[in-house]
Amino acid sequence: MGQVMLPAQFTEYMKRVYDFGTISNRRDFNGDGFLNSADLDDFEDQHATYLGRSNSNWVHGDVNGDHQVTSSDALLYRHWYLNQGSVNPPYTANLGTANPDNALTKP
């Protein structure tokens with residue numbers, strides 16, 4: 001049987017897909033509630049797939065919110081990931097207002 005998503009986790013996924021509101025932890029790229037190497041691996045996969053594309057959002061690897069997947073997104077995410085022990089909040093990220101078109105970007 002598949003994984004059961006809790007309501008809070010479902011909300012996190014929706015925010016990441018539709019690029020809106022505040023997500024609880026910008027370093028938890030895959031939104032599973034854990035900070036581990038899977039987040040970095042998932043980010044790297046998405047970033048490589050969508051690198052150079054526009055009309056992208058968080059789930060595509062656009063972590064700086066400019067709707068383009070560039071090398072600056074990779075630098076920023078890697079910085080966040082490598083500084084997991086940092087006590088410098090915020091860990092949240094505001095993705096802005098909803099834009100359903102962003103969810104339609106294809107590799």
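Modeller: A helix is a DSSP run of H or I with at least four residues, a strand is a run of E with at least two, and both are numbered from the N terminus. This is a predicted model: local features need pLDDT of at least 70, side-chain atom pairs count only at pLDDT 80 or more, and totals for chains, interfaces and linings use all residues. Residues are numbered from 1 along each chain as its sequence is written, and side-chain values use heavy atoms, with hydrogens and water left out.

Colleague: How many aromatic pairs does a search of the whole structure find?

Modeller: Rings of Phe, Tyr and Trp (its six-membered ring) pair if their centres lie within 6.5 Å. Planes under 30 degrees apart are stacked, those over 60 are edge-to-face, and the rest are tilted. On that basis, the search of the whole structure gives a count of 7.

Colleague: Is the pair of Trp 58 and Trp 80 stacked or edge-to-face?

Modeller: The ring centres of Trp 58 and Trp 80 are 6.1 Å apart. Their planes meet at 20°, so the pair is stacked.

Colleague: How many residues apart are Trp 58 and Trp 80?

Modeller: Trp 58 sits in the loop between H2 and H3, and Trp 80 in helix H3. Both are buried (under 20% relative accessible area; exposed is over 50%, partly exposed in between, with a 1.4 Å probe and protein chains only). The pair links distant parts of the chain, and the separation in residues is 22.

Colleague: Which residue meets Arg 16 in a salt bridge?

Modeller: A salt bridge puts a side-chain nitrogen of Lys or Arg within 4 Å of a carboxyl oxygen of Asp or Glu. The search finds 2 in the whole structure. Arg 16 is buried at 2% relative accessible area, and its partner, 2.9 Å away from N to O, is Glu 12.

Colleague: How many residues apart in sequence are the parts that Glu 44 and Arg 78 tie together?

Modeller: Their side chains meet in a salt bridge of 2.8 Å, N to O. Glu 44 lies in helix H2 and Arg 78 in helix H3, so the bridge joins parts whose separation in residues is 34.

Colleague: How far from a polar atom of the His 60 side chain is the backbone nitrogen of Asn 57?

Modeller: His 60 lies in the loop between H2 and H3. At 3% relative accessibility, His 60 is buried. The Asn 57 nitrogen and the polar atom of His 60 are separated by 2.9 Å.

Colleague: Is Asp 19 buried or exposed?

Modeller: Asp 19 falls in the loop between helix H1 (7-18) and strand S1 (22-23). Its phi is near 60°, a positive value in a residue other than glycine. Its relative accessible area is 5%, so Asp 19 is buried.

Definitions and conventions: Polar contact = N/O pair within 3.5 Å; in protein donor to acceptor, adjacent residues only side chain to side chain.
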